[in-house]
Amino acid sequence: MNKRLFILSQYLLPHHLLSRLAGCIAECRVRWFKNALTAWFAKRYQVDMSQALVEDLTAYEHFNAFFTRALKDGARPLDETPGAILSPADGAVSQLGPIEHGRVFQAKGHSFSVLELLGGDAANAAPFMGGDFATIYLSPKDYHRVHMPLAGTLREMVYIPGRIFSVNQTTAENVPELFARNERVACIFDTERGPMAVVLVGAMIVASIETVWAGLITPPKRELKTFRYDEAARAPIHLEKGAELGRFKLGSTAVVLFGPDQVKWAEGLGALSPVQMGQSIGLPSA
């Protein structure tokens with residue numbers, strides 16, 4: 001498809017309707033259908049099932065169970081370097097670097113606002129001004145669970161409604177503020193390196209986003225909603241480094257934010273660098 005037509009279609013397509021339909025298909029339990037869909041997908045995207053806890057494609061109750069499959073113990077060893085910041089997911093680095101003037105680099109000619117990414121709360125955005133970010137894109141063949149880059153205590157989770165543009169290199173280069181426009185869930189933790197945000201960004205046909213503490217994030221109305229986890233609101237939730245944080249049911253991207261002078265990204269790591277959950281992508285800056 002012509003690039004211009006593809007981008008135009010992104011604005012015209014009924015994003016949420018398509019995602020709901022995709023969700024229904026992905027949860028279908030009709031044996032012949034879910035087996036055919038799973039087999040086609042695994043072949044089309046060359047999914048390596050040898051690392052899956054359940055290798056038999058027909059053993060999954062529906063496509064989403066396959067897509068969010070668990071891995072065997074030891075399939076993703078955690079880097080044991082003291083202070084290492086771990087990749088939260090399998091995938092490829094979309095971009096990483098400094099947060100400049102309150103904005104995160106997206107692609108040539110495009111950036112997006114940290115304030116908007118986190119839902120418009122200036123108090124949440126302030127600690128990350130002048131800090132550092134890493135954006136990890138999860139491709140269809142990847143392991144689709146997201147894990148903790150560092151141990152942390154959850155302070156706040158924010159559901160931010162939005163569009164659901166496709167996420168790929170073409171849209172990153174042509175849709176302004178892509179990651180701050182798509183539907184997303186921002187999770188803010190207190191860590192040994194200060195505040196850390198892990199933002200799970202949806203995409204077209206991403207049926208849903210889940211976290212391990214709240215389950216499926218589907219507010220009854222598509223409106224911004226904040227969940228606080230201090231002792232006065234809810235029981236504190238602490239997750240160790242490498243622990244599962246959440247998962248995508250079809251898609252998409254994780255954006256990690258740190259405050260100023262907290263992390264130094266690994267040398268040689270840049271746009272399109274492949275990463276695996278558990279590998280070190282950075283170290284403390286001091």
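Contact here means heavy atoms within 4.5 Å. The model is predicted.

**Exercise 1. Helix H3**

Task: Compare the length of helix H3 (residues 31–44) with what its residue count should span. Then work out which residues of H3 are buried and where they sit around the axis.

Solution: 
1. Start with the length. H3 has 14 residues, and at 1.5 Å a residue they should span 20 Å.
2. Check the ends. The end C-alpha atoms of H3 are 20 Å apart, which agrees.
3. List the buried residues. In H3 these are Lys34, Asn35, Thr38, Phe41 and Ala42.
4. Find the packing partner. The buried residues of H3 pack against helix H4 (63–67).
5. Look past the helix. Gln46 follows H3, and its phi is positive, near 50 degrees.

**Exercise 2. Strand E9 and its partners**

Task: Which strands pair with E9, and over how many bridges? Is E9 mostly covered or mostly uncovered?

Solution: 
1. Locate the strand. E9 takes in residues 194–201.
2. Judge its cover. Six of its eight residues are buried, so E9 counts as mostly covered when buried means under 20% relative accessible area.
3. Take one partner, strand E8 (residues 184–191). E8 and E9 are antiparallel, with eight bridges between them.
4. Two residues make up the hairpin that joins E8 to E9.
5. Pick a bridge in this pair. Phe189 has Met196 of E9 as its bridge partner.
6. Take another partner, E15. E9 and E15 also run antiparallel, joined by six bridges.
7. Val201 is partnered by Thr253 in E15.

**Exercise 3. The site at Ser252**

Task: Where does Ser252 lie in the fold? Is Ser252 buried or exposed, and which backbone oxygen lies 2.9 Å from its side chain?

Solution: 
1. Begin with the record. An unreviewed UniProt entry lists Ser252 for "modified residue: Pyruvic acid (Ser)".
2. Ser252 is in the loop between strand E14 (244–249) and strand E15 (253–258).
3. Apply the cut-off. Buried means under 20% relative accessible area. The value for Ser252 is 1%, so Ser252 is buried.
4. Find the neighbouring atom. A polar atom of the Ser252 side chain lies 2.9 Å from the backbone oxygen of Val201.
5. Link back to the sheet. Val201 is the residue whose bridge partner in E15 is Thr253.

Definitions and conventions:
Residues numbered from 1 in each chain as written. Predicted model: local features only at pLDDT ≥ 70, side-chain atom pairs only at ≥ 80, totals over all residues. Heavy atoms only, no water. UniProt positions renumbered as here; feature names shortened; annotations may be inferred. Helix = DSSP H or I, 4+ residues; strand = E, 2+ residues; numbered from the N terminus. Buried < 20%, exposed > 50% of the residue type's maximum accessible area, 1.4 Å probe, protein only. Polar contact = N/O pair within 3.5 Å; in protein donor to acceptor, adjacent residues only side chain to side chain. Expected span 1.5 Å × (residues − 1). Arc of directions from axis to C-beta. Pairing = 2+ DSSP bridges.
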